[in-house]
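Today I opened my notebook to look up pairs of charged side chains. Here is what I had on my screen.

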Amino acid sequence: MPPKRKYNDEYIKFGFTDITVNKEVRPQCVICTTVLSNDALKPAKLERHLKTVHLNFSDRSREFFEGKKENFKKMKLGTSGTRFETSEKVFHTSYEISLLIAKSKKPHTIGETLIKPCLLKATEEILGKEAAKKIQDIPLSNNTVKSRIANMSQDIEEQLICLIKKSPWFALQCDESTDVAQCCQLLIFVRFLSGDNTIKEELLLSQVLETTSRGVDVMKIILDYFEKHKLMWENLAGFCTDGAPAMLGSRSGLATLVKQKNPTTLTTHCIIHRQALASKTLPKEIAFAMKISIQLVNAVKNSALNTRVFQKLCANMDAEHETLLFHTETRWLSKGNMLARLFELREELKQLCEPKIEMQIAYLSDIFAHLNHLNLQLQGSGNVKLQGSANIFVFEDKVRAFVCKINLWIDKTQVKNYSVFPTLRVLIDDEHYKCFIEDIQHNVLEHLRVLKGEFTRYFPEYVVVDTDVVKKLIRNPFTVEVNNAQEEMQEELMDLQNDSNLKSSFEYSTNLEEFWCKKAMGYPNIRQTALRFLMVFSTTYLCEQGFSSLLSIKNKQRNRLNPSDDMRLALSNSIVPRISQLEGNNSYTFKCPVASNCEDYYVIQHYKILKIQDIPSDERWKHAEASIKIHTSSRDTKDLIILNKINDVVREILDRISADPKKKMIKNTKK
């Protein structure tokens, strides 16, 4: 490694002072503020810069450059010496606004068409025209916002990969869906232990499946991603899917392929999907009532005229609502909401259905209200205590409790106690419906028994109390017999059970995750086992949320968008982009591309042929298939904004070139 050169006071006659960048002394031009490399601290190279870039000043005296140096000291420069302090604030603001655009799932053009004009108008009205001029310099063009979002997305992904590698275990949930452009979008979320010993959930991967969506296709994407980022299959604790044949097939299903990579991985079928499937089966008469309900809604909603007439009828009758709700099979809560609204407007629809059908609709409204409540609890949003605690043990308790409730409801219905069905009870207490009570009791009992059978079929592991010693240990380590535990854990378990402080923490801890992640760190073997089970996903609810966000991000007006970067920023919960570090990677990097040539170039982008990967980085620009460089001596903020616009245009052109599959080109993002 060559020795570092030192600055000499005589170099001022060439128009150069010194600046320290990354603990290295470098020459800086007092005219254009250009910072050259330490290797350029030679009189010949400094003089070449003066005569090449500032020919008009090459015959000036030393006193002239001394005066420039004094003025130079009064200028507010950034830490790198190449940009003004106000310019750094402009860049930071550009990143912050781009982050807000991505978080709000808005089009990239909104920065240029709405946000910036609003900022300019508000600033001019409140602070005056001079302040508005500074706002004008904020780059918020479509391409700039897109570039900022891409940079922040890459930074979040890098942070996420580092956290996953540090976590002892991690789990995945995976699902795919078709977007508005008929593209098959794959979403994969990851659950891991973060640095503050809390379990976090983040979007790991968002990618398009170009052709088929078979298990082998999804597995190839996961394999490539694991290989690219060097993620360990041995640390994969759980894998959750929606239960489709492509996901759970016994031969080529995704879960089976994952098991082949790591046989110890716990593969699970989304508990919400199972609950929805168990709720579908209805006895014949109840199913007929459901069919009539859907037909009633469709009769009103399918015609614009009928909708307006029904709305007017409801208004004249002072009804609480004026519209009915559609039933959507793929939406978990829509069936219960549709039935509840239909029963609330029963007076307006009284002529359209028989009293017996009306009673069956009342029962369906009640039972689906209970099912919707369970569904919300399994999503983690129906109970405040479940926020940040979505492990398999919590959801297992909820399902087991619901099965017990079904047994209770059967017992009550047999003695004609309908207290758990308040809507049906209103009609049963009415004299006009007494002749149908026996039939309704039979229908209700039949459906409850069918419902219990379906839950038993879809949740066989939850119907009986789990006898697994490991799971019992995780649920309550202080009640497990030491002799029943694995031998390598027995002594550690004895120490744990006799730790009075830890026992007190367990009794007052809000959930299992907090106890095992933060409190039990002194017992590593048992803690590792507990974390492996706590890391497993029970549902694919995060994927469902992601697809809802995808509807906003990629809509009919933006159907050609690649939403991956926007999705990562919009769905990121705990990881924040390091904007202060990203600012140093923007396009305003002035450097001397070759040591023997000290002319300053503004490097926009390099696209290099694959064959030159063995060539040293500093020499690659010579072999670039496409290399755009703009010569400039100005460091004025407005000039930099213009350069940014040129950068956007050229980058878009080169991106289109590189997208051609016939051209073997890769982008160099390193400045």
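My entries on salt bridges follow.

**Entry 1: ground rules.** I am working with a predicted model, where local features need pLDDT of at least 70 and side-chain atom pairs count only at pLDDT 80 or more, while totals for chains, interfaces and linings use all residues. I number residues from 1 along each chain as its sequence is written, and side-chain values use heavy atoms, with hydrogens and water left out.

**Entry 2: the count.** I looked up the salt bridges (a side-chain nitrogen of Lys or Arg within 4 Å of a carboxyl oxygen of Asp or Glu). The structure has 23 of them.

**Entry 3: R568 and E157.** I found these two in a salt bridge, with their closest N and O atoms 3.8 Å apart. R568 sits in helix α25 and E157 in helix α6, so the pair ties together parts 411 residues apart in sequence. I took helices (H or I, at least four residues) and strands (E, at least two) as DSSP runs, numbered from the N terminus. R568 is buried at 8% relative accessibility, and E157 is buried at 18%. For me, buried means under 20% relative accessible area, exposed over 50%, and partly exposed in between (1.4 Å probe, protein chains only).

**Entry 4: D179 and K554.** Their closest N and O atoms are 3.0 Å apart in a salt bridge. I noted that D179 is buried, and K554 is too.

**Entry 5: E454 and R457.** This salt bridge has its closest N and O atoms 2.9 Å apart. Both residues are in helix α17, 3 residues apart, or about one helical turn. E454 is buried at 12%, whereas R457 is exposed at 53%.
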